[in-house]
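Here is a short briefing to read beside the sequence and the 3D view. Keep both open and find each residue as it comes up.

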Amino acid sequence: MKILVVEDDRILNTTLCYNLSAAGYEVATALTKSAAERLCKKQEYDLIVLDINLPDGNGFDFCRDIKERHPDTAVIFLTANDMESDMLKGYELGADDYVTKPFPMSVFQKKVSALLARIRKQSGGDCYNDGNLFINFSEMSATQGGESISFTPMEYRLLKVLTKNPQIVLTRQVLLEKLWDIDGNFVDEHALTSTISRIRTKIEKPDQAYIKTVYGMGYMWIGGGSK
């Protein structure tokens, strides 16, 4: 599960990231609203831990924007504001929880764990299953026709983008942006082409295609259709 921590207090930010990483989550961090916006253009997150008062804006506006673009992304507001009106506004914008500083880290971790467990249950464990090909993205495991398949982390990331957007043409530029990882490691055109080719080799058969090349544009997940 991927978590983005948006908190301008460097010490608290570092503490949150350390504890969430230690709990096994994939964690990204931002100190400002603009930095968080840049990260969210490259990567979708399961949960955003969001401070309300940021140096270049407020968390309410950021939450509203995120919920419009990614309604399934969970949000926990993390703030010194304990006014009832602020809490109500946060919930009205779609926040899933509201934690007032200071707080025990153990309690915060329990809230995160419970919220993400609920998300996993609702999303079916973050899986793809068409009756033949089964991919568990959370556990990074896959089978086809009951036989185990091995994918690289990059292949899993690309498969997730494709399977979450079936029957939609995804341009090469869009795919490159989504594959650009949170550490800023660049994914080039050659790497994308190679990854597509490897995936096809592993899951496609002479009479069955999963990925359609739309020449001059990009690729489309067709989910096991006929060639």
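Is K67 buried or exposed? K67 is buried, because its relative accessible area is 17% and the cut-off for buried is under 20%. Keep in mind that this is a predicted model. The points below start with K67 and then move on by topic.

**K67 and its surroundings**
- K67 sits in helix α3, which covers residues 59-69.
- A polar atom of the K67 side chain lies 3.4 Å from the backbone oxygen of G94.
- G94 is also among the contacts of K67, along with T73, A74, V75, L93 and D96. That list leaves aside neighbours within four places in sequence.

**The annotated residue D51**
- The UniProt record, an unreviewed entry, lists D51 under "modified residue: 4-aspartylphosphate". Such an annotation may be inferred rather than shown by experiment.
- D51 is found in strand β3, residues 47-51.
- D51 is buried, with a relative accessible area of 3%.
- Beyond its neighbours within four places in sequence, D51 is in contact with V6, E7, D8, G59, L78, T79 and K101.

**T79, a contact of D51**
- T79 belongs to strand β6, residues 74-79.
- The relative accessible area of T79 is 0%, so T79 counts as buried.
- T79 touches D51, I52 and N53 among others. Its contacts also include Y98, V99, T100 and K101. Residues up to four places away in sequence are not counted here.

**A cis peptide bond**
- The peptide bond from K101 to P102 is cis, and its omega is near -10°.
- P102 lies in a loop between β7 (97-100) and α5 (105-122).

**Helix α8**
- Helix α8 spans residues 189-203, which makes 15 residues.
- From first C-alpha to last, α8 reaches 22 Å. That is close to the 21 Å expected at 1.5 Å a residue.
- Which residues of α8 are buried? They are L192, T195, I196, I199 and I203.
- Down the axis of α8, these buried residues fall within an arc of 100°, so they line one face of the helix.
- On the other side of α8, H190 and T201 are exposed.
- D188 caps the N-terminal end of α8. A side-chain oxygen of D188 lies 3.3 Å from the backbone nitrogen of H190.

**Helix α7**
- In helix α7, residues 172-179, the buried residues are L175, L176 and L179.
- Seen down the axis of α7, they fall within an arc of 100°, so they too line one face of their helix.

**Cysteines without a disulfide**
- A disulfide is a covalent bond between the sulfur atoms of two cysteines.
- How many disulfides does a search of the whole structure find? It finds zero.
- C40 is in no disulfide either, and its nearest cysteine sulfur, that of C63, is 11 Å away.
- C17 is buried at 13% relative accessibility, and C40 is buried at 5%.

**N129 at the end of a strand**
- N129 lies in strand β8, residues 127-129.
- N129 is exposed, with a relative accessible area of 55%.
- The N129 side chain reaches the backbone nitrogen of G131 at 2.9 Å.
- N129 and Q144 are 15 residues apart along the chain, and their C-alpha atoms are separated by 9.7 Å.

**Positive phi angles**
- M140 is not a glycine, yet its phi is positive, at about 50°.
- M140 is found in the loop between β9 (133-136) and β10 (141-144). At 41% relative accessibility, M140 counts as partly exposed.
- Q167 has a positive phi near 60°, and Q167 is not a glycine either.
- The place of Q167 is the loop between α6 (153-163) and β12 (170-171). Q167 counts as exposed, at 52% relative accessibility.

Conventions. Residues numbered from 1 in each chain as written. Predicted model: local features only at pLDDT ≥ 70, side-chain atom pairs only at ≥ 80, totals over all residues. Heavy atoms only, no water. Helix = DSSP H or I, 4+ residues; strand = E, 2+ residues; numbered from the N terminus. Buried < 20%, exposed > 50% of the residue type's maximum accessible area, 1.4 Å probe, protein only. Contact = heavy atoms within 4.5 Å. Expected span 1.5 Å × (residues − 1). Arc of directions from axis to C-beta. Polar contact = N/O pair within 3.5 Å; in protein donor to acceptor, adjacent residues only side chain to side chain. Disulfide = S-S within 2.5 Å.
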